[in-house]
Amino acid sequence: MYNTKAYSAASATSPLAADTIARRDPTETDVQIEILFCGICHSDLHAVRDEWSDFMSTTYPIVPGHEIVGRVTEVGSAVTKFKSGDLVGVGCMVDSDGTCPNCKAGFEQFCQNTIFTYNSPDKHKTAPMTYGGYSNSVVVDERFVLRVPPNLDLAGAAPLLCAGITTYSPLHHWGVTEGKKVGVVGLGGLGHMGVKIAHALGAHVVVFTTSPDKTEDALRLGADEVVVSRNADEMQKHAGSFDFILDTVSAKHDINAYLNLLRLDGNITLVGAPEKPLDVAAFSLIMGRRSLSGSMIGGIPETQEMLDFCGKHNITADVEVIPIQKVNEAYDRLLKADVKYRFVIDMASLKSE
């Protein structure tokens, strides 16, 4: 084992602070990565403050971070996909059982034995739990390391490992292509990625927002139209016309208002995670054979496909790069939606700790 610098939280009420953590020496199938940038996901905040205790309680200390971009510094003797110096990424998972039907189909995110990048039991026993990307380095099995296109800005590429694949996966699954009419509800960290990717897929993209002042930004990001969702007349104009709607909102909202915008056999997929259940009227589904579904991240093959797609279309997240010393301030701003559109930590700043 070796020690590396990190930022961790000691409890649900503690700020993130400088720490030293253990990492395993690379085994024969491992890749050791110097972390260059790590995105801040809203789920990092939830986990640090143990706000998802009913779903996945937090074990402290916790080192968050699952939007990792870095450079390979060492590979194990059996590693075939990567070599020292390669630009790589690590997303929300670092292992799975590899034997279940979901893993064999490339859907590792749905494996019952997935090991997440942080706050999962560490099967290597280096530490009680896995530690994430708010650190100088990480060691990951090569099966869960992804190749980052060299033409992409690395800070902007980091959020692709979560926000990018979270939006790409349902767009891909539901067959969004040229000529489809696609709605994106909300224009935050997820929503802005959904707009960029849907636009690059050739769809006619309509952004739904409660904030009229986001219109200019939505159009800049690739939207063809912007609808203020509080305006009933604007909403009615689009009734029964959408092939697909991506709902990125994590607050309580009227899902039926969007179900009624779907055409026959249209689908709305939730990628936001509201704290309280949404009320769904049966007739909103029945009248157009519409469907409501959910989606999370993608598997490793689909995540690599997404990265290659983003490389081809030069798609990255709009980011605000911060030193790690400002991470607690960033968390406070995240709660106020005071970011356009994703915070990314420049991990070089950790070296000064």
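**View 1. Phe107 in the loop between helix 2 (101-104) and strand 7 (115-116) of the predicted model.** Helices (H or I, at least four residues) and strands (E, at least two) are DSSP runs, numbered from the N terminus. Phe107 is partly exposed, with a relative accessible area of 40%, a class that lies between buried (under 20%) and exposed (over 50%) for a 1.4 Å probe and protein chains only. Together with Phe110 and Met296, Phe107 forms a nonpolar surface patch of about 260 Å² of accessible area. Nonpolar side chains in such a patch have over 30% relative accessible area and no salt bridge, and are joined within 5 Å.

**View 2. The largest nonpolar core, of 91 residues.** Ile40 and Tyr134 touch the most other members of this core. Apart from it lies another core, of 14 residues, including Val185, Ile245, Ile255 and Leu262. A nonpolar core joins buried Ala, Val, Leu, Ile, Met, Phe, Trp, Tyr and Cys residues through side-chain atoms within 4.5 Å.

**View 3. The largest cavity, holding about 240 Å³ of space.** Arg24, Val94, Asp122, Thr130 and Val139 are the closest to its centre among the 19 lining residues. Strand 8 (137-141) is one of the elements that give two or more residues to the lining, and its four residues are the largest share. A cavity is a set of points on a 1 Å grid where a 1.4 Å probe fits but cannot get out, and lining residues have an atom within 4 Å of a point.

**Notes.** Residues are numbered from 1 along each chain as its sequence is written, and side-chain values use heavy atoms, without hydrogens and water. In this predicted model, local features need pLDDT of at least 70 and side-chain atom pairs count only at pLDDT 80 or more, whereas totals for chains, interfaces and linings use all residues.

Methods
Patch = residues over 30% accessible without salt bridge, like charges linked within 9 Å, V, L, I, M, F, W, Y side chains within 5 Å. Areas by Shrake-Rupley, 256 points an atom, 1.4 Å probe, with all protein chains shown as cover. Salt bridge = Lys/Arg side-chain N within 4 Å of Asp/Glu carboxyl O. 1 Å grid on protein atoms, 1.4 Å probe; cavity = no way out; pocket = protein on both sides within 12 Å on 5 of 7 lines; lining within 4 Å. Points joined across faces, edges and corners; volume = space filled by probe spheres on them.
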